[in-house]
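Please keep the sequence and the structure in view while reading.

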Amino acid sequence: MEIHARVERWALDEIPVPGKLARQIIDWLYRENRFCSGKLEIHEKFVGPHGLSTPTLMVTNTADQIASLASLVPFTEKMTTKTQIIQYPGEVGVCLQHLGILVGRQAQATIWPDILSWIKCQNG
């Protein structure tokens with residue numbers, strides 16, 4: 001219950017975003033996919049996956065389409081740094097499957113040890 005309460009708190013703990021910024025986020029990042037395609041301009045510089053320099057771990061829930069494997073692979077193929085993808089099959093009893101990695105009992109037992117191991121390897 002404590003984990004569910006934390007997720008609910010996180011979901012409700014939002015700050016208001018000005019309308020213009022909200023439209024730019026939706027248009028530029030989602031509709032036009034500028035970051036993934038390397039066409040997002042910030043301070044006269046184009047940014048995208050090719051410019052990421054930090055090792056990156058991605059966890060995808062194969063039972064949900066929010067961050068599907070099909071959406072991650074093209075992104076990771078454009079990265080020049082070390083990447084790893086962990087696939088999580090989802091689990092019964094989790095209402096919002098894309099949050100299952102945070103609240104699912106099986107995720108805590110089977111996926112999180114892999115995540116923590118990956119983090120430990122990056123630190124040393």
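## Contacts and overall layout

Two residues are said to be in contact when heavy atoms of theirs lie within 4.5 Å. With that cut-off, and bearing in mind that the model is predicted, 53% of the contacts between residues at least 6 apart in sequence join residues at least 24 apart.

The secondary structure consists of six helices and four strands, and along the sequence these elements follow the pattern α-α-α-β-β-β-α-β-α-α. Taken along the principal axes, the box filled by the C-alpha atoms is roughly 45 × 35 × 25 Å.

Of the 124 residues in the protein, 26% are buried.

In soluble globular proteins, nonpolar side chains tend to be buried together. In this model the largest nonpolar core has six residues, namely Ile86, Tyr88, Ile101, Ala107, Ile111 and Ile115. Strand 4 (83-88) and helix 6 (105-122) each supply at least two residues of this core, and the largest share, three residues, comes from helix 6.

Ile101, a member of this core, touches Val59, Tyr88, Ala107, Gln108, Ile111, Trp112 and Ile115, when residues up to four places away in sequence are left aside. Apart from this core lies another one, of five residues, which include Cys36, Met58, Phe75 and Met79.

## Cysteines and Trp10

The structure holds zero disulfides. Cys36 has a relative accessible area of 12%, and because the cut-off for a buried residue is under 20%, Cys36 counts as buried. Cys121, on the other hand, has a relative accessibility of 58% and is therefore classed as exposed, the cut-off for that class being over 50%.

Is Trp10 buried or exposed? Its relative accessibility is 56%, so Trp10 counts as exposed. Trp10 is found in helix 1, which spans residues 2-12. The C-alpha atom of Trp10 is separated by 30 Å from that of His50, a residue 40 residues apart from Trp10 along the chain.

How values were computed
Residues numbered from 1 in each chain as written. Predicted model: local features only at pLDDT ≥ 70, side-chain atom pairs only at ≥ 80, totals over all residues. Heavy atoms only, no water. Buried < 20%, exposed > 50% of the residue type's maximum accessible area, 1.4 Å probe, protein only. Core = buried A, V, L, I, M, F, W, Y, C linked by side-chain atoms within 4.5 Å. Disulfide = S-S within 2.5 Å.
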